[in-house]
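Open the model in your viewer and keep the selection tool at hand. We will go stop by stop.

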Amino acid sequence: DAFASVRAAESGVPVLTSDEWSQDMARAIFLPRFIPEQEAQDWPAVWEAVGGHPAHLRQLSELIVEERKVIEAERLQEEKEEEQAERHRQKLRPGRNPDAEEYLEIAKQQSRDDSFRADARQPEGAVELVLRRLPELMKEEIDAVERQLQRFAVHPSLPGLLPSGSGKRVAALNLKLKELAEGVAVEG
(Lines give C-alpha, C1' and ligand atoms only; values in the text may rest on other atoms or scores of the structure.)
Protein backbone atom coordinates (compact mmCIF):
# COMPACT_ATOMS: atom_id res chain seq x y z
CA ASP A 1 0.00 0.00 0.00
CA ALA A 2 1.40 3.38 -1.01
CA PHE A 3 0.46 5.16 2.22
CA ALA A 4 2.19 2.54 4.35
CA SER A 5 5.30 2.92 2.21
CA VAL A 6 5.27 6.70 2.61
CA ARG A 7 4.76 6.45 6.38
CA ALA A 8 7.57 3.88 6.68
CA ALA A 9 9.92 6.03 4.61
CA GLU A 10 9.11 9.10 6.72
CA SER A 11 9.88 7.17 9.90
CA GLY A 12 13.32 6.24 8.55
CA VAL A 13 12.61 2.67 7.51
CA PRO A 14 14.22 1.87 4.16
CA VAL A 15 11.49 1.10 1.63
CA LEU A 16 12.23 -0.86 -1.51
CA THR A 17 9.63 -0.87 -4.24
CA SER A 18 9.67 -2.53 -7.61
CA ASP A 19 6.73 -0.72 -9.14
CA GLU A 20 6.78 -0.67 -12.89
CA TRP A 21 6.90 2.72 -14.55
CA SER A 22 4.27 3.56 -17.10
CA GLN A 23 5.47 3.77 -20.67
CA ASP A 24 4.75 7.50 -20.80
CA MET A 25 6.76 8.18 -17.65
CA ALA A 26 9.69 6.02 -18.78
CA ARG A 27 9.66 7.60 -22.23
CA ALA A 28 9.59 11.12 -20.78
CA ILE A 29 12.66 10.38 -18.68
CA PHE A 30 14.55 8.14 -21.09
CA LEU A 31 14.14 9.90 -24.43
CA PRO A 32 15.63 13.29 -23.86
CA ARG A 33 18.48 11.97 -21.72
CA PHE A 34 19.57 8.71 -23.30
CA ILE A 35 17.96 8.49 -26.73
CA PRO A 36 18.38 11.57 -28.92
CA GLU A 37 15.51 12.71 -31.15
CA GLN A 38 17.14 11.27 -34.29
CA GLU A 39 17.02 7.80 -32.65
CA ALA A 40 13.53 8.14 -31.13
CA GLN A 41 12.28 5.31 -33.35
CA ASP A 42 14.32 2.97 -31.09
CA TRP A 43 12.11 3.66 -28.06
CA PRO A 44 9.50 0.94 -28.78
CA ALA A 45 12.29 -1.66 -28.95
CA VAL A 46 13.67 -0.45 -25.60
CA TRP A 47 10.22 -0.70 -24.04
CA GLU A 48 9.65 -4.18 -25.45
CA ALA A 49 13.07 -5.33 -24.23
CA VAL A 50 12.90 -4.19 -20.61
CA GLY A 51 9.45 -2.74 -19.99
CA GLY A 52 9.01 -0.30 -17.15
CA HIS A 53 11.30 -1.89 -14.58
CA PRO A 54 13.33 1.09 -13.25
CA ALA A 55 16.47 -0.91 -12.46
CA HIS A 56 16.54 -2.44 -15.93
CA LEU A 57 15.93 0.94 -17.55
CA ARG A 58 18.79 2.39 -15.50
CA GLN A 59 21.09 -0.46 -16.49
CA LEU A 60 20.13 -0.07 -20.14
CA SER A 61 20.75 3.67 -20.00
CA GLU A 62 24.23 3.07 -18.57
CA LEU A 63 24.95 0.56 -21.33
CA ILE A 64 23.80 3.05 -23.97
CA VAL A 65 26.02 5.79 -22.55
CA GLU A 66 29.01 3.42 -22.56
CA GLU A 67 28.23 2.31 -26.13
CA ARG A 68 28.12 5.94 -27.28
CA LYS A 69 31.56 6.47 -25.75
CA VAL A 70 32.89 3.42 -27.61
CA ILE A 71 31.36 4.58 -30.91
CA GLU A 72 32.83 8.06 -30.48
CA ALA A 73 36.28 6.65 -29.60
CA GLU A 74 36.19 4.44 -32.71
CA ARG A 75 35.17 7.40 -34.87
CA LEU A 76 37.99 9.54 -33.49
CA GLN A 77 40.47 6.70 -34.02
CA GLU A 78 39.37 6.33 -37.65
CA GLU A 79 39.73 10.08 -38.21
CA LYS A 80 43.19 10.02 -36.64
CA GLU A 81 44.28 7.14 -38.86
CA GLU A 82 42.96 8.90 -41.97
CA GLU A 83 44.81 12.10 -41.04
CA GLN A 84 48.04 10.15 -40.49
CA ALA A 85 47.65 8.42 -43.86
CA GLU A 86 47.02 11.79 -45.53
CA ARG A 87 50.12 13.34 -43.93
CA HIS A 88 52.13 10.35 -45.06
CA ARG A 89 50.86 10.78 -48.64
CA GLN A 90 51.71 14.49 -48.52
CA LYS A 91 55.27 13.67 -47.48
CA LEU A 92 55.66 11.25 -50.37
CA ARG A 93 54.29 13.65 -53.01
CA PRO A 94 54.50 17.25 -51.76
CA GLY A 95 53.85 19.13 -55.03
CA ARG A 96 50.79 17.35 -56.36
CA ASN A 97 48.49 19.04 -58.89
CA PRO A 98 45.15 20.28 -57.35
CA ASP A 99 43.17 18.36 -60.00
CA ALA A 100 45.01 15.16 -59.07
CA GLU A 101 44.23 15.83 -55.38
CA GLU A 102 40.54 16.25 -56.21
CA TYR A 103 40.43 12.98 -58.16
CA LEU A 104 42.27 11.22 -55.34
CA GLU A 105 39.63 12.42 -52.83
CA ILE A 106 36.83 11.23 -55.11
CA ALA A 107 38.52 7.84 -55.49
CA LYS A 108 38.97 7.52 -51.70
CA GLN A 109 35.29 8.32 -51.11
CA GLN A 110 34.18 5.82 -53.75
CA SER A 111 36.41 3.20 -52.19
CA ARG A 112 34.87 3.84 -48.75
CA ASP A 113 31.35 3.66 -50.19
CA ASP A 114 32.08 0.46 -52.10
CA SER A 115 33.59 -1.23 -49.05
CA PHE A 116 30.24 -1.18 -47.23
CA ARG A 117 27.32 -3.42 -48.03
CA ALA A 118 24.20 -1.59 -49.14
CA ASP A 119 22.35 -2.53 -45.94
CA ALA A 120 25.23 -1.43 -43.72
CA ARG A 121 25.57 2.10 -45.03
CA GLN A 122 23.26 3.48 -42.37
CA PRO A 123 25.37 3.52 -39.20
CA GLU A 124 23.85 1.71 -36.25
CA GLY A 125 23.09 3.84 -33.24
CA ALA A 126 24.16 3.05 -29.69
CA VAL A 127 20.63 1.98 -28.73
CA GLU A 128 20.41 -0.56 -31.55
CA LEU A 129 23.86 -1.95 -30.80
CA VAL A 130 23.04 -2.37 -27.10
CA LEU A 131 19.65 -3.99 -27.82
CA ARG A 132 21.27 -6.49 -30.18
CA ARG A 133 23.65 -7.55 -27.41
CA LEU A 134 21.19 -7.22 -24.52
CA PRO A 135 20.96 -10.94 -23.64
CA GLU A 136 24.76 -11.08 -23.52
CA LEU A 137 25.02 -7.84 -21.52
CA MET A 138 22.39 -8.93 -18.98
CA LYS A 139 23.55 -12.54 -18.77
CA GLU A 140 24.07 -12.42 -14.99
CA GLU A 141 20.52 -11.20 -14.37
CA ILE A 142 19.00 -13.71 -16.79
CA ASP A 143 20.98 -16.58 -15.27
CA ALA A 144 19.93 -15.54 -11.74
CA VAL A 145 16.23 -15.53 -12.68
CA GLU A 146 16.54 -18.89 -14.44
CA ARG A 147 18.27 -20.43 -11.41
CA GLN A 148 15.56 -19.12 -9.10
CA LEU A 149 12.80 -20.47 -11.36
CA GLN A 150 14.49 -23.86 -11.59
CA ARG A 151 14.88 -24.07 -7.80
CA PHE A 152 11.28 -23.02 -7.31
CA ALA A 153 10.01 -25.50 -9.92
CA VAL A 154 11.57 -28.44 -8.07
CA HIS A 155 10.28 -27.37 -4.65
CA PRO A 156 8.87 -30.37 -2.74
CA SER A 157 5.43 -28.72 -2.41
CA LEU A 158 4.92 -28.48 -6.16
CA PRO A 159 5.17 -32.07 -7.51
CA GLY A 160 1.42 -32.56 -7.83
CA LEU A 161 0.90 -29.20 -9.48
CA LEU A 162 3.52 -29.44 -12.24
CA PRO A 163 4.29 -32.12 -14.83
CA SER A 164 7.56 -34.04 -14.69
CA GLY A 165 10.55 -32.97 -16.77
CA SER A 166 12.50 -29.81 -16.12
CA GLY A 167 11.45 -27.91 -19.26
CA LYS A 168 7.80 -28.88 -18.89
CA ARG A 169 7.85 -27.91 -15.21
CA VAL A 170 9.27 -24.47 -15.90
CA ALA A 171 6.80 -23.89 -18.76
CA ALA A 172 3.84 -25.00 -16.61
CA LEU A 173 5.08 -22.87 -13.73
CA ASN A 174 5.38 -19.90 -16.04
CA LEU A 175 1.76 -20.35 -17.19
CA LYS A 176 0.50 -20.67 -13.59
CA LEU A 177 2.44 -17.58 -12.48
CA LYS A 178 1.15 -15.64 -15.48
CA GLU A 179 -2.43 -16.63 -14.63
CA LEU A 180 -1.86 -15.62 -11.03
CA ALA A 181 -0.34 -12.27 -12.00
CA GLU A 182 -3.15 -11.48 -14.43
CA GLY A 183 -5.78 -12.41 -11.88
CA VAL A 184 -4.45 -10.16 -9.11
CA ALA A 185 -6.93 -7.42 -8.30
CA VAL A 186 -5.55 -4.09 -7.20
CA GLU A 187 -7.32 -2.84 -4.11
CA GLY A 188 -7.32 0.86 -3.38
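Stop 1: Select Asp24, Ala28, Pro32 and Arg33. These residues of H2 are exposed. Keep in mind that this is a predicted model.

Stop 2: Now select Ala26, Phe30 and Leu31, which are buried in H2. Why do they sit on the same side of H2? They cover an arc of only 110° around the axis, so one side of H2 holds them. Show H3 and H4 next. The buried residues of H2 pack against both of these helices.

**Stop 3: H3.** Select residues 43-50, which form helix H3. Which of its residues are buried? They are Trp43, Val46, Trp47 and Val50. Look down the axis of H3: these buried residues fall within an arc of 95°, so they line one face of the helix. Now see what covers them. The cover includes helix H2 (23-34), helix H4 (54-92), helix H6 (126-132) and helix H7 (134-137). Step just past the end of H3 to glycine 51. Its phi is positive, at about 65°.

**Stop 4: the core.** Select Phe30, Ile35, Trp43, Val46, Leu60 and Ile64. The largest nonpolar core has 17 residues, and these six touch the most other members. Which elements give two or more residues to this core? They are H2, H3, H4 and H6.

Stay with isoleucine 35 for a moment. Leaving aside neighbours within four places in sequence, isoleucine 35 is in contact with Phe30, Ala40, Trp43, Val46, Arg68 and Val127.

**Stop 5: valine 127.** Is valine 127 buried or exposed? Its relative accessibility is 1%, so valine 127 counts as buried. Select its partners: beyond neighbours within four places in sequence, valine 127 is in contact with Ile35, Glu39, Asp42, Val46, Ile64 and Arg68. Then draw a distance from valine 127 to tryptophan 43. Their C-alpha atoms are 8.7 Å apart, while 84 residues separate the two in sequence.

**Stop 6: glutamine 59.** Move to helix H4 and select glutamine 59. This residue has 17% relative accessibility, and the limit for buried is under 20%. Glutamine 59 therefore counts as buried. What does its side chain reach? It makes a polar contact with the side chain of glutamate 141, at 3.1 Å. Apart from neighbours within four places in sequence, glutamine 59 is in contact with Leu137, Met138 and Glu141.

**Stop 7: the whole chain.** Clear the selection and zoom out. The chain has nine helices and zero strands. Of its 188 residues, 18% count as buried. The accessible surface comes to about 14600 Å², and carbon and sulfur atoms hold 55% of that. Among contacts with a separation of 6 or more, 56% join residues 24 or more positions apart.

**Last stop: confidence.** Colour the chain by pLDDT. The average is 78, and 77% of the residues score at least 70. Where is confidence lowest, and where is it highest? The lowest is helix H1 (residues 2-10), with a mean of 69. The highest is H3, at 89.

Technical notes
Residues numbered from 1 in each chain as written. Predicted model: local features only at pLDDT ≥ 70, side-chain atom pairs only at ≥ 80, totals over all residues. Heavy atoms only, no water. Buried < 20%, exposed > 50% of the residue type's maximum accessible area, 1.4 Å probe, protein only. Helix = DSSP H or I, 4+ residues; strand = E, 2+ residues; numbered from the N terminus. Arc of directions from axis to C-beta. Contact = heavy atoms within 4.5 Å. pLDDT = per-residue confidence, 0-100. Areas by Shrake-Rupley, 256 points an atom, 1.4 Å probe, with all protein chains shown as cover. Polar contact = N/O pair within 3.5 Å; in protein donor to acceptor, adjacent residues only side chain to side chain. Core = buried A, V, L, I, M, F, W, Y, C linked by side-chain atoms within 4.5 Å.
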